[in-house]
Amino acid sequence: MTLSKLDLENLHKSKLVSKRFLKLANDDQLWRVLILQAEIPANILRDARGVSGINPSWQALYRSSTLIMRENERMVHKAFSQMKTKIDQVRGALERQTRVLEETHQRLESLALRLTQMEEQGRLRDLERLRAREREEARKEDERWIREWEACQAQKLVHCSGGDGGGCV
């Protein structure tokens, strides 16, 4: 079977050479050999039998199976293209979400830093108020001691300058 070594294009061209070549190129056994050489999967052949009708020729099975395989490849290619588009869309959405999350994280870090600064300022204000209150209490305590001391000194003066005419020692 020399014709089984030809590719499909040249096999179809050989049909144009003569009636003898036409008969040889249309031989069912040749197409059976071509199907076996092509290693067409069983499920494709089963589908091709369903499409080709009752008792199809090997040539009709070959054509139908070839068309089915091409259609399957086209559909797979289309599905892959759609999946790639979806993956690209998801990737874009994830990149946008990542940017939003990074910006939010930066804002939160900035707010946390600002809050820490405000807490520190509040602690410093509280500490300053406490120190001011302590200074005020110390000043009042000093004034009380001074008044008591002055009162004590005033009593000594009164006691010392008493009516007996003597002085304090």
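## The nonpolar core

A nonpolar core is a set of buried Ala, Val, Leu, Ile, Met, Phe, Trp, Tyr and Cys residues joined through side-chain atoms within 4.5 Å. In this predicted model, the largest such core has 14 residues, and Leu11, Leu30, Trp31, Leu34, Ile35, Ile40 and Tyr62 are the members that touch the most others. Helices α3 (28-38), α4 (42-52) and α5 each contribute at least two residues to this core. The largest share comes from α3, with four residues.

As background, nonpolar side chains in soluble globular proteins tend to be buried together.

## Trp31 and its partner

Let's look at Trp31 next. Which residues does Trp31 contact, leaving aside its neighbours within four places in sequence? They are Leu8, Leu11, His12, Ala25, Asn26, Trp58, Gln59 and Tyr62.

Since Trp31 lies in helix α3 and Tyr62 in helix α5, the pair ties together parts that are 31 residues apart in sequence. Both Trp31 and Tyr62 are buried.

## A nonpolar patch on the surface

Now to the outside. Val76, Phe80, Met83 and Ile87 form a nonpolar patch on the surface. Together they have about 380 Å² of accessible area.

Take Met83 as one of these residues: Met83 sits in helix α5 (residues 58-160). Is Met83 buried or partly exposed? With a relative accessible area of 42%, Met83 is partly exposed, because that class lies between the under 20% of buried residues and the over 50% of exposed ones.

Note on methods: Residues numbered from 1 in each chain as written. Predicted model: local features only at pLDDT ≥ 70, side-chain atom pairs only at ≥ 80, totals over all residues. Heavy atoms only, no water. Patch = residues over 30% accessible without salt bridge, like charges linked within 9 Å, V, L, I, M, F, W, Y side chains within 5 Å. Areas by Shrake-Rupley, 256 points an atom, 1.4 Å probe, with all protein chains shown as cover. Salt bridge = Lys/Arg side-chain N within 4 Å of Asp/Glu carboxyl O. Buried < 20%, exposed > 50% of the residue type's maximum accessible area, 1.4 Å probe, protein only. Contact = heavy atoms within 4.5 Å.
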